[in-house]
Amino acid sequence: DSVGIGGAPDAERYGDAGADTVGHIAAACARGEADRDGLRTGPLALPNLVRLGLGEACRLATGRVPPGLATTGAPAGRFGCAAERSKGKDTPSGHWEIAGCPVTFDWGYFPRTVPSFPPELTAALCREAGLPGILGDCHASGTEIIASLGDEHVSTGRPICYTSADSVFQIAAHEETFGLDRLYDVCRIARRLVDPLRIGRVIARPFIGTSPATFVRTANRKDFAVPPPGATLLDNATAAARDVITVGKIGDIFAHRGTGREWPASGNDALFDRTVEGARFLADGGLLFANFIDFDSLYGHRRDVAGYAAALERLDRRLPELFALLRDGDLVVITADHGCDPTWAGTDHTREQVPVLMHGTGAGEIGHMRSYAEIGATVTTHLDLH
């Protein structure tokens, strides 16, 4: 989630010309600016991803190989880069397009004003959900707004509502004083109310703690997304009675349509554990789709370069566990849904190209994909789902 490799051809339209998530992280590591005691030091070390062709995918996207990501021989996998056709740089658009369903319409967005939300929307939410009011009503970083308004929320019972550059309505509330089930119920009401505004997601952001210093978001986040506007790779696999396993927040992203056995987990390591477990039990001809959220939510949005680098290195070290389970004819595709350059201004996603790395189908350059949908088309052909 968010591991971009350089500005998309239309990045300037989004204010992201020059953004480069992997490239800028690698450069910071090479300069010693991503060293953190007890976490990591030195140049970015991703030997397994580099062996698949990550550095060469970066070269295709930007014309240069980031520091530390040069291959010492011919890549062992197929590699390329992909640009997004969908108009947004959000999670649903990216994932849906990967699964073969680009978003050709314009999402609705909330303005960078205070208040951000239409008064009639706020009034309807408070009336239908029985709320005494809301806090926030602005564009904000989730962790920052919880720290600043968490105490007032607990004392008043008013949930914290905020948005971002994405098409999203986010609601933060304390799991214990407000209640997790009640938060989900409020989000379901908000989901219906924002449908006419073409808002992509309503996100429940529960947190715990007793003070701004101890408030922390929990793993019980839940996304209430609109369904994809057309058939996806997941729909097609399900219709063909294939075994489908979705790991992490894939179920939420696709509004639980065609998502088969949904295996949630919290944190990249736990998500990788479930992915490995799924690979052991996936039936021949089946499809497993996993999302690794920490890159985006913990490090990209929080502009934590060292944390992002360490997370990349940790995932890279674990890849051989997955590859060891593969049989002849199995395919693994490693890609991303957008960028979230931790060196970039602000805290939002960045409009970037993404790497496309394939293990199990030979080696060599794929080139430039003009749409993420070409990834889904490749998997469709591999699984003979036509």
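This is a predicted model: local features need pLDDT of at least 70, side-chain atom pairs count only at pLDDT 80 or more; totals for chains, interfaces and linings use all residues.
Residues are numbered from 1 along each chain as its sequence is written, and side-chain values use heavy atoms, leaving out hydrogens and water.

Let us stay with the rings. The structure holds ten aromatic pairs. Rings of Phe, Tyr and Trp (its six-membered ring) pair if their centres lie within 6.5 Å; planes under 30 degrees apart count as stacked, over 60 as edge-to-face and the rest as tilted. Two of the pairs are set out here:

| Pair | Centre to centre | Angle between planes | Type |
|---|---|---|---|
| Phe105 and Trp107 | 5.0 Å | 75 degrees | edge-to-face |
| Phe207 and Phe215 | 5.2 Å | 75 degrees | edge-to-face |

Trp107, at 6% relative accessibility, counts as buried. Ring pairs also join Phe105 and Trp107 with Trp96 in a cluster. In the other pair, Phe207 and Phe215 are both buried.

Arg182 places its charged end over the ring of Phe178, 4.2 Å from the centre, while Lys222 lies over the face of Phe224, 5.7 Å from the ring centre. Here a charge sits over a ring if NZ of Lys or CZ of Arg is within 6 Å of the ring centre and within 35 degrees of the ring normal.

Terms used: Buried means under 20% relative accessible area, exposed over 50%, partly exposed in between (1.4 Å probe, protein chains only).
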